[in-house]
Amino acid sequence: MIVTLIVVCEVGFWVLLAAGLSARYLLKKPKLGMALLLCEPLLEVLLLVVTAVDLKSGAEPSWRHGLAALYIGYTVGHGHRTVKWLDGHAAHRIGGGPPPPKPPQYGMERARHEGRIWLGSVVAASVAAGLLLAAVWYVGDAGDTSKLEASIAAAWRVVGIHGLIALSYVVWPRKAPRDGSAVAARDPEDVPDPLVRGPREDEQQVR
């Protein structure tokens, strides 16, 4: 039941998001759109309540409960950024607004961008770990909590891998392509290739 509810929450997230953006930009009702978007956290609350009730009813703690906590954590850590990104594109394509700014591609600006995304993963893992620790405390010695503890370790393992990827943009920053290459030269004199410039003057005199 927990896995089914996670799927329902994920589908509901996108349905509410589409409905909220449509009401905001197609129907020109920003208040209705905002109200629909604010309903999205209720899905996570519902999932949290059902998970707690399932554990209270005597269900054995399993990876399903860990997955529920990880899903809630991911939504808290990255849900706002996802909604903001889609809202910017909807405002441009549907509402006729300016195109949303693209994320930086090079240098330390790209590194800072990746760092901010990584901080979202840290928030996600912290929320998931907090929920799982609460579940471990709630279950106590009445059940096997090893699956819940394994989910905590998995969450921080993902954060560590993501952190290494983000750090790579600091250690090896991407460089912007250089302008003024030989291919872009318009004047044959600017191209250091005798085949492109043609025969030299002394060769023309010999001919």
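## Basis

The model is predicted: local features need pLDDT of at least 70, side-chain atom pairs count only at pLDDT 80 or more, and totals for chains, interfaces and linings use all residues. Residues are numbered from 1 along each chain as its sequence is written, and side-chain values use heavy atoms, with hydrogens and water left out.

## Overall fold

The protein chain has eight helices and zero strands, in the order α-α-α-α-α-α-α-α from the N terminus. Helices (H or I, at least four residues) and strands (E, at least two) are DSSP runs, numbered from the N terminus.

Of 207 residues, 30% are buried, meaning under 20% relative accessible area (1.4 Å probe, protein chains only). The accessible surface is about 13900 Å², with 65% of this on carbon and sulfur atoms; areas come from the Shrake-Rupley method with a 1.4 Å probe. Among contacts (heavy atoms within 4.5 Å) with a separation of 6 or more, 70% join residues 24 or more positions apart.

## Helices H1 and H2

Helix H1 (residues 2–25) and helix H2 (residues 30–38) have axes that come within 7 Å and cross at roughly 170 degrees. Axes are lines fitted to C-alpha atoms, for helices over the stretch in contact, and angles run from 0 to 180 degrees between N-to-C directions. H1 is therefore roughly antiparallel to H2, the term for angles over 145 degrees.

On H1, the contact is made by Leu 16, Leu 17, Ala 19, Gly 20, Ala 23 and Arg 24; on H2, by Pro 30, Leu 32, Gly 33, Met 34, Leu 36 and Leu 37. These residues divide into nine nonpolar, two polar and one charged. Ala, Val, Leu, Ile, Met, Phe, Trp, Tyr, Cys and Pro count as nonpolar, Asp, Glu, Lys and Arg as charged, and the others, Gly among them, as polar.

## Helices H5 and H6

Helix H5 (residues 107–139) packs against helix H6 (residues 146–171) at about 170 degrees, with the axes 9 Å apart. H5 and H6 are therefore roughly antiparallel. Their contact has 19 nonpolar, five polar and three charged residues.

H5 has 33 residues and spans 48 Å from first to last C-alpha, close to the 48 Å expected at 1.5 Å a residue; the expected span is 1.5 Å times one less than the number of residues. Gly 140 follows H5, with a positive phi near 65 degrees. H6, with 26 residues, reaches 37 Å, close to the expected 38 Å.

The buried residues of H6 are Leu 148, Ser 151, Ile 152, Ala 155, Val 159, His 162, Gly 163, Ala 166 and Tyr 169. Their cover includes helix H4 (63–93) and H5.

Key:
Parallel < 35°, antiparallel > 145°, perpendicular 65-115°, else oblique. Buried < 20%, exposed > 50% of the residue type's maximum accessible area, 1.4 Å probe, protein only.
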